[in-house]
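Work through the exercises below with the sequence and the 3D structure at hand. Try each task before reading its solution.

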Amino acid sequence: MPRVPAPPPGSSLTLTATAPPPRVRAPRPTPGQEAPPPPHLPEIARRLAETYLPTPPRPRLSPEPLDGLIETILSQQNVGAITRRQFGALKLAYPSWEAALADGPDGIEAVLRAAGGGLARIKADYIWNVLHRLEETRGALSLRETRDLGDAEARALLESLPGVGPKTASCVLLFDLARPAMPVDTHIDRIAKRLDLTPSRWSAVKVERWFDEVLPRDWTARYTFHVATIRHGRQTCKAGRPRCETCVLRDLCPSAAIFLGGREA
């Protein structure tokens, strides 16, 4: 997931075994909303924030959102260190994105390969096609105008670019434009399903749409939930063997009993 801050040391929290909360009848879904938010969703958000991101974040507007878009493209199926190295190599090789456009996909690929990391050809093509589309349709290699657009208009502009889907657009909106978007990566998708917030059959795109409906439309709340949940997925609710014994959400999680197999913390 792109550009998530490193977790603070000593952020895990150990809970003693507790009885599961009583079942509360979920509210009826609103039209078009298949899975209504559970009553304890605010408590989930509170615990995650308190554990993984106790200091409220401050919004940051990127001087050039195109930089953020390209860095987000590089972050796909990449660890943070390689993403930063590749992006730094591009900025060093090209004093402007016009120079990258002129160098073509082959030149961009060579820079990425020299910096290390996989999918260099695919990402070089994505980056070059974005630059080419901006020059062709807008006459300038910049996305600064998105700062003056509404949320829906900014999203529409981003998603009109080749290879930019809802998740990539949401990352740019959240991290570079300080808009209340809610990108869903593999950690958030996994945790939402383990907590039984969303059906297991839903795609990550559908899970993102659901979160967009049920979370407060507030940048601080969504940024905090996004970053804290990713940290929770990396540190505790891991894909292979989750650390349910130390999970801050253990008493709210239907999957904990399955993974614990009756063992006490």
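**Exercise 1.** How many residues does helix α1 have, and what distance does it reach from its first C-alpha to its last? Then find its buried residues and what they pack against.

Solution. The model is a predicted one. Step 1: helix α1 covers residues 41-52, which gives 12 residues. From its first C-alpha to its last, α1 reaches 16 Å, close to the 16 Å expected at 1.5 Å a residue. Step 2: buried stands for under 20% relative accessible area. In α1 the buried residues are L41, I44, R47, L48, A49, T51 and Y52. Step 3: these buried residues pack against α9 (204-214) and α10.

**Exercise 2.** Describe the chain as a whole: its elements, its buried share and its contacts.

Solution. Step 1: the chain contains 11 helices and zero strands. Step 2: of the 265 residues in the chain, 48% are buried. Step 3: take the contacts with a separation of 6 or more; residues 24 or more positions apart account for 66% of them. Step 4: the chain exposes about 13,200 Å², and carbon and sulfur atoms supply 55% of this area.

**Exercise 3.** Which residues of helix α3 are buried, and why do they line one face of the helix?

Solution. Step 1: helix α3 runs over residues 80-93 and has 14 residues. Its reach from first to last C-alpha is 20 Å, close to the 20 Å expected at 1.5 Å a residue. Step 2: T83, Q86, F87 and L90 are the buried residues of α3. Step 3: looking down the axis of α3, the buried residues fall within an arc of 95°, so they line one face of the helix. Step 4: R84 and L92 are exposed on the other side of α3. Step 5: the cover over the buried residues of α3 includes α2 (65-75), α4 (97-115) and α5 (120-138).

**Exercise 4.** Compare two aromatic pairs, F87 with W97 and F175 with Y223.

Solution. Step 1: the structure holds five aromatic pairs. One of them is F87 and W97, with 6.4 Å centre to centre and 45° between the planes, a tilted pair. Step 2: F87 lies in helix α3 and W97 in helix α4, so this pair ties together parts 10 residues apart in sequence. Step 3: F87 counts as buried because its relative accessibility is 13%, and W97 is buried with a relative accessible area of 7%. Step 4: F175 and Y223 form an edge-to-face pair, 5.7 Å centre to centre and 65° between the planes. Step 5: F175 is in helix α7 (residues 166-175) and Y223 in helix α10 (residues 219-235), and this pair links distant parts of the chain, 48 residues apart. Both F175 and Y223 are buried. Step 6: F175, W219 and Y223 form one aromatic cluster.

**Exercise 5.** Which residues of the largest nonpolar core touch the most other members?

Solution. Step 1: this core has 40 residues, and those touching the most other members are L66, L69, I70, L90, W97 and L131. Step 2: α2, α3, α4, α5, α6 (151-159), α7 and α10 each give two or more residues to this core. Step 3: take L66 and leave aside its neighbours within four places in sequence; L66 is in contact with W97, V130, L131, L134, L141, S142 and L143. Step 4: a second, separate core has 28 residues, including I191, W202, W210 and L249.

Conventions:
Residues numbered from 1 in each chain as written. Predicted model: local features only at pLDDT ≥ 70, side-chain atom pairs only at ≥ 80, totals over all residues. Heavy atoms only, no water. Helix = DSSP H or I, 4+ residues; strand = E, 2+ residues; numbered from the N terminus. Expected span 1.5 Å × (residues − 1). Buried < 20%, exposed > 50% of the residue type's maximum accessible area, 1.4 Å probe, protein only. Arc of directions from axis to C-beta. Contact = heavy atoms within 4.5 Å. Areas by Shrake-Rupley, 256 points an atom, 1.4 Å probe, with all protein chains shown as cover. Phe/Tyr/Trp six-rings, centres within 6.5 Å; stacked < 30°, edge-to-face > 60°. Core = buried A, V, L, I, M, F, W, Y, C linked by side-chain atoms within 4.5 Å.
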